[in-house]
Amino acid sequence: MENQKNIPMLVIRRMAKYHTYLNKLVLNNVITISSRKFGEIIGFTSSQIRRDLNYFGDFGTQRIGYNVKELLIEINGILGLFKKHNMIIIGANNIGKAIATYTRYKQLNFKLVGIFDVNPELIGLTLQNIKVLDIDKLVSFLKVTPTNIGIICVSKNYAQTVTNMIVENGVKCICNITPVDLKVPQEIILENVNLTDSLLTLSCLMNDS
């Protein structure tokens, strides 16, 4: 398998989509599926699916297609879902609360271990059996609780400060929900989720239609 760092990001994003659809096929008791049929379901070409999967190995059988359960297991491995990923949320605002109460991540081996905020009205609240802690306790928390992922939901004025704090204390992956272009060391994995950019993209597409 090719080194994951050399694989185009678009391919990795499509792996996540394949995972979602394969789960649905398993629930619907589909045993095997061809790349053509799978492409029709997702909206991709069969050649696109084959090219994407070829980055990671040789899957499927000629004239039979892919064994759905086996391919799902392979993609679970590609996506690192056999490992447990501890994550924290910084910012217990409406977005932070929505993420905290989203149940799907538990099925994917992501474990929410802490929630932090500066607002006295939010500190002490319980979300998914986790009490919102004062941000002042964040550093001491990270020293005793290994954490892979930090989800940043704070206001833009504090986003970089909070990011620096968790990076300095061992968090290697950041999911940025703020509109700020965060600066992180090269070895840190940063995923930006920008709602404004998505809305502007939709606006442009509608304007062109």
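Tutor: Angles under 35 degrees count as roughly parallel, over 145 as roughly antiparallel, 65 to 115 as roughly perpendicular and the rest as oblique. Axes are lines fitted to C-alpha atoms, for helices over the stretch in contact, and the angles run from 0 to 180 degrees between N-to-C directions. This is a predicted model, in which local features need pLDDT of at least 70, side-chain atom pairs count only at pLDDT 80 or more, and totals for chains, interfaces and linings use all residues. Residues are numbered from 1 along each chain as its sequence is written, and side-chain values use heavy atoms, with hydrogens and water left out.

Student: How many helices and strands are there in the chain?

Tutor: The chain has nine helices and nine strands. Helices (H or I, at least four residues) and strands (E, at least two) are DSSP runs, numbered from the N terminus.

Student: What does the C-alpha trace span along its principal axes?

Tutor: About 60 × 45 × 35 Å.

Student: And what percentage of the residues count as buried?

Tutor: Of the chain's 209 residues, 36% are buried. Buried means under 20% relative accessible area, exposed over 50%, and partly exposed in between, with a 1.4 Å probe and protein chains only.

Student: Now the helices. At what angle do H1 and H3 pack?

Tutor: H1 (residues 9–27) and H3 (residues 46–54) pack at about 110°, and their axes are 10 Å apart. The two helices are therefore roughly perpendicular to each other.

Student: Which residues make that contact?

Tutor: On the H1 side they are Val11, Arg14, Met15 and Tyr18, and on the H3 side Gln48, Ile49, Asp52 and Leu53. Contact means heavy atoms within 4.5 Å. The residues of this contact divide into five nonpolar, one polar and two charged. Ala, Val, Leu, Ile, Met, Phe, Trp, Tyr, Cys and Pro count as nonpolar, Asp, Glu, Lys and Arg as charged, and the others, Gly among them, as polar.

Student: How do the axes of H1 and H2 cross?

Tutor: They come within 11 Å and cross at roughly 105°. H1 and H2 are therefore roughly perpendicular to each other. Lys17, Tyr18, Tyr21, Leu22 and Leu25 of H1 meet Phe38, Ile41 and Ile42 of H2. That contact divides into seven nonpolar residues, no polar ones and one charged.

Student: Rings next. How many aromatic pairs does the structure hold?

Tutor: Four. Rings of Phe, Tyr and Trp (its six-membered ring) pair if their centres lie within 6.5 Å; planes under 30 degrees apart count as stacked, over 60 as edge-to-face and the rest as tilted. One of the pairs is Tyr18 with Phe38, tilted, at 5.8 Å centre to centre and 45° between the planes.

Student: What does that pair tie together?

Tutor: Tyr18 lies in helix H1 and Phe38 in helix H2 (residues 35–42), so the pair ties together parts 20 residues apart in sequence. Tyr18 and Phe38 are both buried. The ring centres of Tyr102 and Tyr105 are 6.5 Å apart with the planes at 45°, so that pair is tilted.

Student: Which residues do ring pairs link into a cluster?

Tutor: Tyr18, Phe38 and Phe44.

Student: What sits over the ring of Tyr21?

Tutor: The charged end of Lys24, 4.9 Å from the ring centre. A charge sits over a ring if NZ of Lys or CZ of Arg is within 6 Å of the ring centre and within 35 degrees of the ring normal.

Student: Where does Gly39 lie?

Tutor: In helix H2. Gly39 is buried, with a relative accessible area of 1%. Apart from neighbours within four places in sequence, Gly39 is in contact with Phe44 and Ile49.

Student: Changing topic: what is phi of Gln128?

Tutor: Near 55°, a positive value in a residue other than glycine. Gln128 is in the loop between strand E5 (126–127) and strand E6 (130–134), and is partly exposed at 29% relative accessibility. Asn129 lies in the loop between E5 and E6, with phi near 65°, also positive in a non-glycine residue. Asn129 counts as exposed at 77% relative accessibility.
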